[in-house]
Each structure stands twice: as structure tokens, then as C-alpha cells.
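Here are a few notes from going through the model. Have it open alongside while you read.

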Amino acid sequence: MKEAIDLATPLKKHFGYDAFRPLQREIIEDSLAGRDVFALMPTGGGKSLCFQLPALLRDGLTIVVSPLIALMKDQVDALQASGIAATFLNSTLGGEQAKARWRGLHRGEYRMLYVAPERLMLEGFLEKALNWNIAQIAIDEAHCISEWGHDFRPEYRELKKLRTHLPDVPTMALTATATTRVREDILKQLKLRDPRCYVASFDRPNLTYRVVGKSQPYEQLLAFLRARPHESGIVYCASRKTADSLASKLNADRIPAKPYHAGLESDERARNQEMFLRDDVRVITATIAFGMGINKPNVRFVVHHDLPKNIESYYQETGRAGRDGLPSECVLLFSAADVVKQTRFIEEKSAAEQKIAHEQLRQMVHYAEARQCRRTTLLRYFGEERPDEPCGGCDNCLTPRETFDGTLAAQKFLSCVHRVRAHSGFGFGLNHIVEVLMGANTEPVRQRGHDRLSTYGIGGEMKKEAWQAIGRELLRLGLVEAAPGKFATLQVSDAGMKALRDRTSFTLTKPVDVAAKTKTRAGAIETDEKLFDELRTLRRTIADERDVPAYVIFSDVALREMARNYPITPAEFRRIPGVGEQKLKDFAAPFLAAITVYLESNSRQSFQSAPPQTASQRRVSLNDSVTETLRRFQRGDSIDDIAKARGFTRGTICTHLALAIESGAPLTMGRFFTVDQQTEIAVAFGRTGGANLTGLRDSLGGKYSIDDLRLFRAVVTR
């Protein structure tokens, strides 16, 4: 019997961790066995370790294909800080630097080489590379190879030739975002041989998702940033002009910010990104040109100033927050005007492209307007189900919107829109309607004669922001429509006219405060905040001396654990996550000294963080319908019989039984599966985990339904 490889020792020695994240161990074991592997893991899920650790445990060189030149140095710096022999080759190097690295590669001095796809596939480059002992190829951001993906890059297509040039070298493809169609395309294009496929859950428990009505976007953004004075993040914009404008305004308001977009010179783009990575600026205002593969783990927020084009882009962009696992926020500013703008852009595309783009926009708007759990909406898009329960990490679950009787306000707004349009023969935008309602004495109102309308000034009892929020909600409800064209002019829909005639009652929701802090999320580490700030200052000093970003020295997680556990000896310091042998040697002394000095004038704090709830602690009382299903099943009725007798689908009955099991009902695996079936599912469950039932189903060849697998998961995890 083959002896199991010791992975725990090198994991702690080189990377400073005591345990693997979900799927990492299985992927690494398959890689070391020489198999091709496909891994879909969320941003922050630990993809890099899946090829970095095998690179240290096998002879030869691991080539890492990375699409972004600007990030290679940071990735290599981080590896070198952990004592790992890694390098990169790209156009940023001078002639002598490049020659020195080529010599090192020929002498076998490196374990890892980062290179862009277009450089790797140059004929001369590959000829030289064939002389190296190449042990593994890792292709990061593998979704770029698929035309069905949201970030297709033609140069990635050439990578399929690697199988011809290096037929015996195992290949690993990794990505954070890929639909089922894109996954299949990746496997086909890269010619992976009998690959082991791992699909982790798309869920990012430490992220909080919020959608806020967009009224005065700059003021909303400014309030949000001022409420988080020590945090850094990304603001995504639809245009270069907006990115430049926001950065300029933020700097004028003393919030250090830099723009990033394709319209800047490459040197300026790289410089702005470097300043953000090193915390020299707190905010980067960017178009979608920014961020793929970004290695900055302490991005605490991502704000979408404008509506993304599709869910894939939104998911990947929000995924740049909280890579270190600490609580982080994702905020989308949403308005009907943005939908109109996107629609106008779509109409400039070809007929075939329009069909796809309209559907993608529809899904994005559905997410923004959803009143149910946003996490569930996101995960379902990627084919993943989650329990029908509050997630504790989105606005709809955390703070259900306050409602009020909005009948009179809705009637006033609809009447004003109708009368303005009837008077002028065409519609006007939201802000103009609000000015008429409030009786504003402005030139546009007087010039159009709207100050003589019966609805002029009838809304003076409410503030501008309140009327804007009401207008946006009536748009969402379909009572008002934003007419197509260059400007988002309003008109009352047929449903709105009927509501006016019938004097329909309306319950509306109150607007939310964009600056409001969300409740503590998964991943929060209770800590001595004063000590944490001092350690953060020390980290920055050391990082500047070494000319690397601060997170290369230690992550925020490591600093928070230091400020929680107060290590004052090397043995105690070694137990901090992220402290491997090299970092213990290089950094223990200054950090231990800082903590010792701190404790001379400050007392230790004690922390009472509650441990994660067990399944038994999460048990809830069952409703009458679930109880009836359980009673019949315990009586001996089959799932199909119960579904037929009660008029429910089979899936509903399975969900009832899963809830009953999770709440403690003594149902055994034998009631649902044969012994052989249990064994087969258990093997796949151990490999893929139970968070992503769709991935589990696919790994079993579709032999079992999602409903069956939900029951299996309920039994093994209760």
C-alpha cells in the first residue's frame, strides 16, 4: 500500500498554516499523483496553494501562466518572503535582470516561474523551456480561454498547444468564476486528460451584499468612505470619465484615491495600482480593466458606482473584497437610469449579441431588485442551492426594509408624471418630476410652464431624497416606465394608470443609509484594536524597507491573531496562522518586541467570541407542513407517495425531510440509499464537499438528483 504523503509539515513550514481549506488537500494529492486537475474555487479560497505546495514537494519547475504582468512581482515577492525560490519573466525586466533569471532557470535554481501566456507560447521561449525539468503547468484565470466566459482572451487559446509540446507534464487549470458551459470549454480547449474536477461552493460567507438606491452617488460614496476611515477598497465605474472624476473629487475631499482604466498610459496604470497595493492610496476608482487576479487580501469593500453588465462580472468584482476571510462589504448603487443606459449600449450591438446582453442585463436587474436573500439569488445563478433560511450577510436578510403606507405619495408622484407629460407632450427625468412636486422655483420648471400645473408643490412635505426613493420604487414596481432614448425620461405605465384610476393602496419601503455599518459577518476576529493598529504600523515600516506591499509581510488575519493572543516568545509566535519558518526567522524579533513593549503599559484583553454553531444548536421548530411530511414518512410512506397524496413536488417533500433531519429527526441513511449508493456518494462528497450540491451531482455523472444529495448532506452533517 502506498504511503500517504505528509502535507501538514510543509504546509506549516512554508506557509504557516495548520490546516487546509476545503478541497485543497484533495487537489494537491491528485496533482502530486501526476493527474490533470480542474479547480473552480472562489476568490480567497486558496487556489494558489494548490499548485504552490506541490511545486515544493516534487523535483523540477512549476510554470504558472498568469494573465496580468503587473501582479507577477507581488506574487513572487510573497513566495520569496516565505523562503520559496520563485521568479517571473515579463517585459518589466531590464536586459541584465532577464539574463540572470534565464541563467537561474537553466541551472534549476527555481521551483516556480510566473509567465504570461503570450510569452510562454513564443516559439523561442518554448524551445528553451523544453531544456528545463518542467514538472507541472498551472494555468490561473483559466476562464480566459473560453469565448463563453466574461473575460475571453485570445492569447489563452494558444495554450492548448502545450499538450503537444509537453505531453507528459500534468496540467492544473484554476478559476474563480465559470458557468457549467465555460467549465466544459476549459477542459476541451486545454485538452486535459481524464481530469479530476473540483467545484467548491461559490459562497463567500465573509462578504455582505447590499443594494442601495442611487440618488446623489458622489455624496453617497463620500459618506460611505468617511464612515470607514481606515479601510481600503475598490469603486467600480462604467466609464473612464467617471473613474477620473471620482478620483479627483475624492482627493479634493482628502480621501487618497487613484483612477485605473485602459485610457491611462501603462506606466501610470501600473503606478496607480502599485500605490493601492501598498496602501499609499485608500481607494482605486476603476473600470473593469482593474482587478483580475489582484493579490491584495485586505480589500475591505467593493462599491459598484454603476450597474455591472452581468452577474459573472459582478460576482468576480465583488470577489476582490475580503480575500483574507475577514468581513468585507459589497455595495451596489442602483438606479433605473443605469438600466436605460445599458439598454442603449446593447442596442448598438449585433442582433445575436443583443439577445445575450439583454438576458444578462435582465438577470443583473433581477438581482438588484430582489427582495429575497441576495446570496441565494447569486448562488442560484451559478447552479448552487443553499438552505431556504436567512444568510445573515445581505441587506434583505439582515435589515428587511421598513415599510409605510405610501398610497398618497404614490398617487401624487404618478399624477405629476402624467400631467407633466400631458402638458409638454413628452416626458422628463426623475429629478425634474421631484422639483415640480416640491414646488421648486427653477428656470427649467418655469420655462416649461410646469409651475402652473395642479401637481406643482403638492409634495412639499417630503425631502428631495424621499421623493427620489419613491420614484425609484414605482419604477421597480412597474407603475412608472423609463422611456428608451438618450435620457431616462419617465412615463406612467398602463399598470400605473389603472392604479391611479382605481385609487389602489400602496405599501412602500423606506430608503436605506448607504454609510450604515453592517453587522459582524463570518470571519470576524475579536481583537485588541489598539495593538492591531500598532502592529499594522510596524508591518508598513518593514514592508517599505523591503519595497513590498504590506500584506507580503503578514496578512490582516495574522496581525489580528497577534493582537488577540499576545505572543511574546518565538514558540507562541510560531502558532500564529501565516507564520512559517522563514517568516519566523525574519520577522519574529520586531513583532515580539512590539507586543512586549505594548504589554508594559497596556493590560491584556480577554475575548469571548462565540464558536460557530453546531447543527444541533441551529435546530428550529418545524412548521405544520414539514411535520405532516415527517409523520407520513416515519409511518412508512415513500417520498413519491407522500408527494402524490399531498399535491407537492418530489423536491418539496425532500426539502421537508432534509429540514426535519437537520432539526434532529432520527432518520437514517438506509431509508434513502442502498449501501452501495451510500459508498459512492460518500467518496464524491469527501472530494467535493457538500456546499455545492450541483458540483457534487456533476461529479457523480448526474446519477443522483439535487434533492437526493440534499438528503444525503442533511444526514451526514447533522
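1. First, a caveat: this is a predicted model, and everything below should be read that way. Let's start at Phe88, whose bridge partner in E4 is Tyr114. Four bridges hold E3 and strand E4 (residues 112-115) together, with the two running parallel.

2. Zooming out, E3 and E4 belong to an open sheet of seven strands, ordered E3-E4-E2-E5-E6-E1-E7 with parallel pairing. Strand E3 (86-89) and strand E7 (196-199) are the edges, each pairing on one side only. On average, neighbouring strands here are turned by 15 degrees against each other, direction ignored.

3. What lies across E7? Helix H10 (residues 180-189) does, and it also lies across strand E1 (37-40) and strand E6 (171-175). Relative to E1, H10 runs at about 155 degrees.

4. Back to Phe88, for a charge over a ring: the charged end of Arg101 sits over the Phe88 ring, 4.5 Å from the centre. Another case is Lys249, with its charged end over the ring of Tyr218 at 5.3 Å from the centre.

5. Buried or exposed? Phe633 and Phe672 are both buried.

6. One more for the aromatics list: Phe554, Phe573, Phe587 and Phe591 make up one aromatic cluster.

How values were computed. Residues are numbered from 1 along each chain as its sequence is written. This is a predicted model: local features need pLDDT of at least 70, side-chain atom pairs count only at pLDDT 80 or more; totals for chains, interfaces and linings use all residues. Side-chain values use heavy atoms; hydrogens and water are left out. Two strands pair if DSSP finds at least two bridges between them. Axes are lines fitted to C-alpha atoms, for helices over the stretch in contact, and angles run from 0 to 180 degrees between N-to-C directions. Contact means heavy atoms within 4.5 Å. Buried means under 20% relative accessible area, exposed over 50%, partly exposed in between (1.4 Å probe, protein chains only). Rings of Phe, Tyr and Trp (its six-membered ring) pair if their centres lie within 6.5 Å; planes under 30 degrees apart count as stacked, over 60 as edge-to-face and the rest as tilted. A charge sits over a ring if NZ of Lys or CZ of Arg is within 6 Å of the ring centre and within 35 degrees of the ring normal.
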